[in-house]
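This briefing sets out selected features of a single structure, grouped by topic. The sequence and the model are shown first, and the points follow.

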Amino acid sequence: MTLDRTTTSPKAVLLDWDNTLVSSWDIIHDAMNVTLTRFGHEPWSLADIRGRVRKSMRDSFPELFGDAWEEAREVFFDRFREIHVDRLTLLPGAEEMIRRLADSDLHLAIVSNKTGDFLRAEIAHLGWTNLFDGIVGATDASRDKPAIEPVRLALGDSGIEPGPAVWFAGDADIDLQCAHGAGATAVLIRPEPPVSGEFGDTPPHHHVADCHAFLQLIEINRR
């Protein structure tokens, strides 16, 4: 865990959603296997889901389902819609972190590859909508993570340009790729530290185990 002041002080904090702030692997696993089996594919294990679900649906489903990808998308949406709010679980420290950051003068936003309508429904269910200066989900921008467009949309009219003063935190390689593409400070939030070479030319500038540690890291780098 890196808790030293080694990077530019943050002006904006952009956060991934799934498995950074909320636990959703079992929800995605359920909806994905309903979809896969409907279209004649073998179901995936939870380990498969964790390893393979990164891209947004408009980028990943054509690869999986070919010309039937839009029909597959609707099957996934139907099942996901049935279960996602009731089975949503906060990760440790997430609520305290979000409320502390929202009370600061930082620009705080979500950048997720979850479909925007589902993302906003989950945030509203938690009563968090007014805590964020921006909420960007898949298809809200012209391209999805790891492209820079969602970052620009999340920064909105804040006057903050993509760069090191924008801290982008998430649990997956695509979050780090997005951060590097925007010239931002990349933070990996997950219990396991990165191994050498794991993220190629887009390694994290910081690794922290959880939301508690990320909040500490932000506060240290704002002193």
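In this predicted model, Val13 stands opposite Trp167 in strand E6 and opposite Leu108 in strand E4. Strand E1, residues 12-15, runs parallel to strand E6, residues 166-170, and four bridges join the two. Four bridges likewise join E1 to E4, again in parallel.

- Strands of a sheet pair through backbone hydrogen bonds, in either a parallel or an antiparallel manner.
- Strand E4, residues 107-115, is mostly covered, with eight of its nine residues buried.
- E4 and E5 run parallel and are joined by four bridges; Val111 has Val136 in E5 as its bridge partner.

**The loop between E1 and E2**

- Asp16 lies in the loop between E1 and strand E2 (22-23), and Asn19 has its place in this loop as well.
- Asp16 has a relative accessibility of 6% and therefore counts as buried, the cut-off being under 20%.
- The side chains of Asp16 and Thr20 are joined by a polar contact of 2.8 Å.
- With neighbours within four places in sequence left aside, Asp16 is in contact with Leu21, Ile110, Val111, Ser112, Lys145, Ala169, Gly170, Asp171 and Asp175.
- Asn19 is buried, with a relative accessible area of 13%; its phi is near 65 degrees, a positive value in a residue other than glycine.
- Most residues other than glycine have a negative phi, and most peptide bonds are trans.

**The loop between E5 and H7**

- Thr139 has its place in the loop between E5 and helix H7 (149-155), and Pro146 is found in this loop too.
- The phi of Thr139 is near 75 degrees, a positive value in a residue other than glycine.
- Thr139 is partly exposed, with a relative accessible area of 48%.
- Lys145 and Pro146 are joined by a cis peptide bond, with omega at about 15 degrees.
- Lys145 is also one of the residues in contact with Asp16.

**Helices H1 and H4**

- Helix H1 (residues 25-38) packs with helix H4 (residues 69-83) at an angle of about 145 degrees, and their axes are 9 Å apart.
- The crossing in which H1 passes H4 is right-handed.
- From H1, the residues Ile27, Ile28, Asp30, Ala31, Met32, Val34, Thr35 and Arg38 take part in the contact; from H4, they are met by Ala72, Val75, Phe76, Arg79, Phe80 and Ile83.
- Classified by type, the residues in the contact of H1 with H4 are ten nonpolar, one polar and three charged.
- Val75, which is found in helix H4, counts as buried at 10% relative accessibility.
- Not counting residues up to four places away in sequence, Val75 touches Val34, Thr35, Arg38 and Phe39.
- Val75 and Ala186 are 111 residues apart along the chain, and their C-alpha atoms are separated by 34 Å.

**Helix H9**

- Helix H9, residues 211-220, has seven of its ten residues buried, so H9 is largely enclosed by the rest of the structure.
- The buried residues of H9 are Cys211, Ala213, Phe214, Leu215, Leu217, Ile218 and Ile220.
- The cover over these buried residues includes E1, helix H5 (94-102), E6, strand E7 (185-189) and E8.
- At the start of H9, a side-chain oxygen of Asp210 comes to within 3.2 Å of the backbone nitrogen of His212.

Key: Residues are numbered from 1 along each chain as its sequence is written. This is a predicted model: local features need pLDDT of at least 70, side-chain atom pairs count only at pLDDT 80 or more; totals for chains, interfaces and linings use all residues. Side-chain values use heavy atoms; hydrogens and water are left out. Axes are lines fitted to C-alpha atoms, for helices over the stretch in contact, and angles run from 0 to 180 degrees between N-to-C directions. A crossing is left-handed if the near helix is turned anticlockwise from the far one by less than a right angle, and right-handed if clockwise. Contact means heavy atoms within 4.5 Å. Ala, Val, Leu, Ile, Met, Phe, Trp, Tyr, Cys and Pro count as nonpolar, Asp, Glu, Lys and Arg as charged, and the others, Gly among them, as polar. Two strands pair if DSSP finds at least two bridges between them. Buried means under 20% relative accessible area, exposed over 50%, partly exposed in between (1.4 Å probe, protein chains only). A polar contact is a pair of N or O atoms within 3.5 Å; within protein, one must be able to donate a hydrogen and the other to accept it, and residues adjacent in sequence count only if both atoms are side-chain atoms.
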